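Visitor: Could you walk me through this structure and tell me what the labels rest on?
Guide: Gladly, let's look together.

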Amino acid sequence: MEENPSLKPLWTFDEVVAVLGGPAAVGRMTGNPASAVCNWRTKRSRFPSKYYVAMRDELAARGYFAPCALWGQVALAIAA
């Protein structure tokens, strides 16, 4: 997915959680307790990869984007 220049960047786990409404809100969004969200941060500093698309879309709806590495995803370099 190409970055949309009109979206504001978020570079950290904590910034993503804050924009999405905090650990409890992210937990509701992903079907997990808030404590699970806190554990993701403490143990890995990234989100489970299975939530990447849903969270990316929600961030975009709110006017933000974050690097896919926060979900353990790898962006491919495309040669022009």
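Predicted model: local features only at pLDDT ≥ 70, side-chain atom pairs only at ≥ 80, totals over all residues.

Visitor: Which residues of α4 are called buried?
Guide: Tyr 52, Met 55 and Leu 59 are; buried means under 20% relative accessible area (1.4 Å probe, protein chains only). Helices are DSSP runs of H or I with at least four residues, strands are E runs of at least two, and both are numbered from the N terminus.

Visitor: Why do the buried residues of α4 line one face of the helix?
Guide: They fall within an arc of 75 degrees seen down the axis, so they line one face. That arc is taken over directions from the helix axis to the C-beta atoms.

Visitor: What covers the buried residues of α4?
Guide: The cover includes α1, α2 and β2 (64-65); contact means heavy atoms within 4.5 Å.

Visitor: Which residues touch the most other members of the largest nonpolar core?
Guide: Among its 18 residues, they are Val 16, Trp 40, Phe 47, Met 55 and Trp 71. Two or more core residues come from each of α1, α3 and α4. Such a core is a set of buried Ala, Val, Leu, Ile, Met, Phe, Trp, Tyr and Cys residues joined through side-chain atoms within 4.5 Å.

Visitor: What follows α2?
Guide: Gly 31, with a positive phi near 75 degrees.

Conventions:
Residues numbered from 1 in each chain as written. Heavy atoms only, no water. Buried < 20%, exposed > 50% of the residue type's maximum accessible area, 1.4 Å probe, protein only.
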